[in-house]
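Please read the notes below with the model open.

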Amino acid sequence: MPDAPPVVLDCGTGARNLGHKLVGEAHRELDLLFTHLHMDHVFGFPFFLPIYTPGYRLRIGVPAFSDDEAREKISRYLNGVYHPTRLRDLPSELSFHAVRSGRELRAGGMEVTTVSLKHPGGSMGYRLNHEGRSVVYVTDTSPFANPGRGVLAGEEPPRAEQRIIDFLQGADCVIYDTMYDVDEYLEKMTWGHSYPEYAVGLCEAAGVKHIVLYHHLPDATDEDLDALEAHWASHTAPRVTVAREGETLTVGEA
Ligand SMILES: [Zn+2]
Ligand SMILES: [Zn+2]
């Protein structure tokens with residue numbers, strides 16, 4: 001949406017370059033939604049230029065029970081110990097909002113729905129809807145059924161899996177955690193990450209048009225990711241691509 005404020009999902013290391021780009025644009029406000037506060041999702045926040053830009057308004061959504069708790073969770077990280085900046089010294093205008101699973105919110109002029117995911121300490125999935133188009137961000141989550149069970153095995157999905165299928169239903173684009181391959185997943189089933197075969201199968205069951213494989217293993221090389229994309233190149237329902245830094249996707253194009 002060209003006139004609406006941007007929506008930023010999490011603040012990993014990519015937030016630094018993104019922040020520089022955003023302050024060069026006309027907007028002086030944005031919505032930032034955190035899925036959870038594991039460090040790989042907040043590392044970039046102290047290096048995100050909008051927070052140092054006087055007058056820049058940031059509405060920050062954090063999974064929490066109250067707005068005060070949402071602020072408290074971020075201020076624990078920006079308290080002068082882990083980074084010299086303290087939250088209270090920032091010249092931008094920050095407001096904090098509790099995000100609760102199953103409750104709707106608005107961000108970037110869009111209606112956003114939420115769902116809790118399966119991850120140690122929890123994680124929040126976000127679905128951004130606008131004029132019949134939708135992008136879903138589902139990261140840091142284990143599969144919702146064990147291998148050989150659930151919708152991929154042709155069974156009636158367990159309740160938790162059905163809830164995610166409903167959440168993803170008919171989405172134009174789903175950005176989904178596929179940190180592991182299946183063998184790695186079987187070794188780390190409780191670590192809270194997924195693998196491509198599950199993510200693609202789930203999106204297929206939900207009638208998703210395009211899935212972007214995401215939350216790559218830190219050890220994965222560009223060649224590994226090219227090979228992953230090539231492996232899925234002939235899959236069309238959904239179409240499967242691999243997330244790349246700086247990539248632009250247009251949602252809802254034929
Ligand atoms: Zn995590
Ligand atoms: Zn993570």
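The numbered points run from the whole chain down to single residues.

1. Basis. The model is predicted, and local features are reported only at pLDDT of at least 70, side-chain atom pairs only at pLDDT 80 or more, while totals for chains, interfaces and linings use all residues. Residues are numbered from 1 along each chain as its sequence is written, and chains are lettered from A and ligands numbered from 1 in the order in which they are written.

2. Overall form. The protein has seven helices and eleven strands, taken as DSSP runs (helices H or I, at least four residues; strands E, at least two) numbered from the N terminus. The radius of gyration is 18 Å, close to the 18 Å of the globule rule for 254 residues, so the protein is as compact as a globular protein of that length. That radius is taken over C-alpha atoms, and the rule is 2.2 Å times the number of residues to the power 0.38. The C-alpha trace spans about 55 × 40 × 40 Å along its principal axes.

3. Burial and contacts. Buried residues make up 38% of the 254. A residue is buried if 20 or more other C-beta atoms lie within 10 Å of its own, exposed if 12 or fewer, and partly exposed in between, with C-beta atoms placed from the backbone. Of the contacts between residues at least 6 apart in sequence, 66% join residues at least 24 apart; a contact means C-beta atoms, placed from the backbone, within 7 Å.

4. Domains. The domain assignment gives domain 1 (1–99) and domain 2 (101–243); such bounds come from an automatic or database assignment. Their C-alpha centres lie 24 Å apart. The contact takes 14 residues from domain 1 and 16 residues from domain 2. On the domain 1 side, β1, β2 (29–33) and β3 (57–63) each give two or more residues. The residues of that side divide into nine nonpolar, four polar and one charged. Here Ala, Val, Leu, Ile, Met, Phe, Trp, Tyr, Cys and Pro count as nonpolar, Asp, Glu, Lys and Arg as charged, and the others, Gly among them, as polar.

5. Leaving out residues up to four places away in sequence, Y176 touches V138, S194, A199, C203, I211, L213 and Y214.

6. Helix α6. Which residues of α6 are buried? They are P196, Y198, A199, V200, L202 and C203. Their cover includes α4 (159–168), β9 (173–177), β10 (210–214), α7 (222–231) and β11 (239–242). After α6 comes G207, with a positive phi near 70°.

7. Backbone points to check. Most residues other than glycine have a negative phi, and most peptide bonds are trans. D10, in the loop between β1 (7–9) and α1 (15–23), has a positive phi of about 65°. D140, in the loop between β8 (133–138) and α4, has a positive phi of about 60°. D10 counts as buried because it has 24 C-beta neighbours inside 10 Å, and D140 counts as buried with 26. A cis peptide bond, omega about 5°, joins A237 and P238; P238 lies in the loop between α7 and β11.

Terms used. Two residues are in contact if their C-beta atoms, placed from the backbone, lie within 7 Å.
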